[in-house]
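Good morning, colleagues. Please look at the sequence and the structure on the screen, and I shall then guide you through several of the features.

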Amino acid sequence: IRMGRTSIELEEAGRFDQAIVVADSVRRLNPYSAEGYNVMGIALLRAGRYEQAAKELRMSISLAEYDYRSWVNLALACNRLQKPDEMLNALRHAQKLNPDDPNVLESMAMGFMSNRMMDSARTYGHLLVDRDSTSYIGHLAIWVSYYIARDLPRANQYLTRCVQLAPEGPD
């Protein structure tokens, strides 16, 4: 578990090659554990190696179909590979496994937005905002969906809230 955390810390520091080496060690220590493949998939995903990431994440899923995190990560890889059907399929699996998880709902909203499925993006945006009125992603999904639909009065209402909730960038 510690090595998996180390890999994630290295990824967050932008040290992708080192993160991949550590993730490979995690996977080799227990090749029958889904966690090692998930950690490797995340490292490859963050390094921009989407095809390899998808392969590792599929292996993780084959070992533990119940791990919604691997499904969400696979959806991210498929989105980057411009495979919208596979992305949505993976997100639906994640949602079945953990329907109330905010990360799953955010991924659903973002996935629908990136594929210009604005009615669905708005639906998930509202689910997020109903659960947490400070959800930036929820407000963003609603704003973009109204903006694309040219419903500018509603779009402006959510844009104002997005600006208020926007995560602060680096100094």
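This is a predicted model: local features need pLDDT of at least 70, side-chain atom pairs count only at pLDDT 80 or more; totals for chains, interfaces and linings use all residues.

Let me begin with helix α2, which covers residues 16-29. This helix has 14 residues, and from its first C-alpha to its last it reaches 20 Å, close to the 20 Å expected at 1.5 Å a residue. Which residues of α2 are buried? They are Ala19, Ile20, Val22, Ala23, Asp24, Val26 and Arg27.

I turn next to a pair of helices. Two packed helices are described by the angle between their axes and the distance between the axes. For helix α4 (residues 50-63) and helix α5 (residues 68-80), the axes come within 9 Å and cross at roughly 155°. Angles over 145 degrees count as roughly antiparallel, and α4 is therefore roughly antiparallel to α5. The crossing of α4 and α5 is left-handed.

Now to the aromatic rings. The structure holds three aromatic pairs, and I shall describe Phe112 with Tyr124 and Trp143 with Tyr147.

Phe112 and Tyr124 are stacked, with 5.5 Å from centre to centre and 25° between the planes. Phe112 belongs to helix α7 (residues 102-114) and Tyr124 to helix α8 (residues 118-131), so this pair ties together parts that are 12 residues apart in sequence. Both Phe112 and Tyr124 are buried.

The pair formed by Trp143 and Tyr147 is tilted, at 6.3 Å centre to centre and with 40° between the planes. Both residues lie in helix α9 (residues 136-148), four residues apart, which is about one turn of the helix.

Most residues other than glycine have a negative phi. Arg150, although not a glycine, has a positive phi of about 65°. Arg150 lies in the loop between α9 and α10 (152-165) and is exposed, with a relative accessible area of 58%.

Arg116 likewise is not a glycine and has a positive phi, of about 55°. The loop between α7 and α8 contains Arg116, and this residue is exposed, with a relative accessible area of 62%.

Thank you for your attention.

Notes:
Residues are numbered from 1 along each chain as its sequence is written. Side-chain values use heavy atoms; hydrogens and water are left out. Rings of Phe, Tyr and Trp (its six-membered ring) pair if their centres lie within 6.5 Å; planes under 30 degrees apart count as stacked, over 60 as edge-to-face and the rest as tilted. Helices (H or I, at least four residues) and strands (E, at least two) are DSSP runs, numbered from the N terminus. Buried means under 20% relative accessible area, exposed over 50%, partly exposed in between (1.4 Å probe, protein chains only). The expected span of a helix is 1.5 Å times one less than its number of residues. Axes are lines fitted to C-alpha atoms, for helices over the stretch in contact, and angles run from 0 to 180 degrees between N-to-C directions. Angles under 35 degrees count as roughly parallel, over 145 as roughly antiparallel, 65 to 115 as roughly perpendicular and the rest as oblique. A crossing is left-handed if the near helix is turned anticlockwise from the far one by less than a right angle, and right-handed if clockwise.
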